[in-house]
Amino acid sequence: MDALEDKKLEQNKQEDSSTILGRSLLTGFIGGIFASLLGLFMYYFNFMEVSAKSFLLRSWTTAGWTDTWLGELVTILLIGILSIVVALVYYGIFKKIYSLWMGVVYGLILWGIVFFVLQPIFSNVPSIGEMEVQSIISTACLYILYGTFIGYSISFDYHDRTVAKNEAKATAK
């Protein structure tokens with residue numbers, strides 16, 4: 001009976017690590033879709049002076065379709081896909097830090113990377129010095145919200161699974 005229980009525990013361990021990663025990637029995709037929709041809303045109501053498609057599409061192409069609903073849809077899907085990479089990075093580096101504040105810091109790090117490090121790549125986006133204060137604050141808040149969603153969701157799931165696994169081991173003994 002003990003050999004059978006050990007085999008089940010080993011199988012559960014393998015399933016837990018793969019399901020946590022899978023859920024983390026799904027969290028990244030959903031977080032990217034949600035954040036880009038919220039960013040689109042903020043752009044249309046003039047909280048921000050640049051839209052997400054200014055970064056992803058208009059910096060690379062000047063085709064007319066980028067100004068239509070199709071351009072918005074493609075941008076939302078691209079952000080969802082890029083967000084999978086962002087979630088994978090968080091999963092790999094910070095998943096064990098079970099704190100809401102790590103997500104906030106991660107969002108600010110992402111904001112800094114996009115608006116300072118990658119800014120020269122985006123020719124259609126003004127630099128931080130040229131942006132209005134309202135736009136800077138709005139984008140920073142959006143990135144903080146995004147980082148908090150990604151970070152806390154992944155950390156909570158990882159913590160929840162490890163606690164459940166440890167409780168299962170204690171019960172089995």
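Buried means under 20% relative accessible area, exposed over 50%, and partly exposed in between, using a 1.4 Å probe and protein chains only. Residues are numbered from 1 along each chain as its sequence is written. The model is predicted, so to speak of local features a pLDDT of at least 70 is needed, side-chain atom pairs count only at pLDDT 80 or more, totals for chains, interfaces and linings use all residues, and side-chain values use heavy atoms, leaving out hydrogens and water.

View 1. Let's start with the overall picture: the chain has 5 helices and 0 strands, in the order α-α-α-α-α along the sequence. Helices (H or I, at least four residues) and strands (E, at least two) are DSSP runs, numbered from the N terminus. Of the 173 residues, 39% count as buried. The average pLDDT, the predictor's confidence in each residue from 0 to 100, is 86, and 87% of the residues score at least 70. Confidence is lowest in helix H2 (residues 52–56), with a mean of 78, and highest in helix H4 (residues 100–117), at 95.

**View 2. Leu 26 in helix H1.** Look for Leu 26 within helix H1 (residues 2–44). Leu 26 counts as partly exposed because its relative accessibility is 48%.

**View 3. Helix H3 against helix H4.** Here the axes of H3 (residues 69–94) and H4 come within 12 Å and cross at roughly 130°. Axes are lines fitted to C-alpha atoms, for helices over the stretch in contact, and angles run from 0 to 180 degrees between N-to-C directions. H3 is therefore oblique to H4; angles under 35 degrees count as roughly parallel, over 145 as roughly antiparallel, 65 to 115 as roughly perpendicular and the rest as oblique. Val 86, Val 89, Tyr 90 and Phe 94 of H3 meet Met 102, Gly 103, Tyr 106 and Leu 110 of H4, where contact means heavy atoms within 4.5 Å.

**View 4. Helix H4 against helix H5.** H4 and H5 (residues 133–172) pack with axes 7 Å apart, at an angle of about 130°. That angle is why H4 is oblique to H5. Among the H4 residues in this contact are Gly 103, Gly 107 and Trp 111, while the H5 side includes Ala 140, Tyr 143, Gly 147 and Gly 151.
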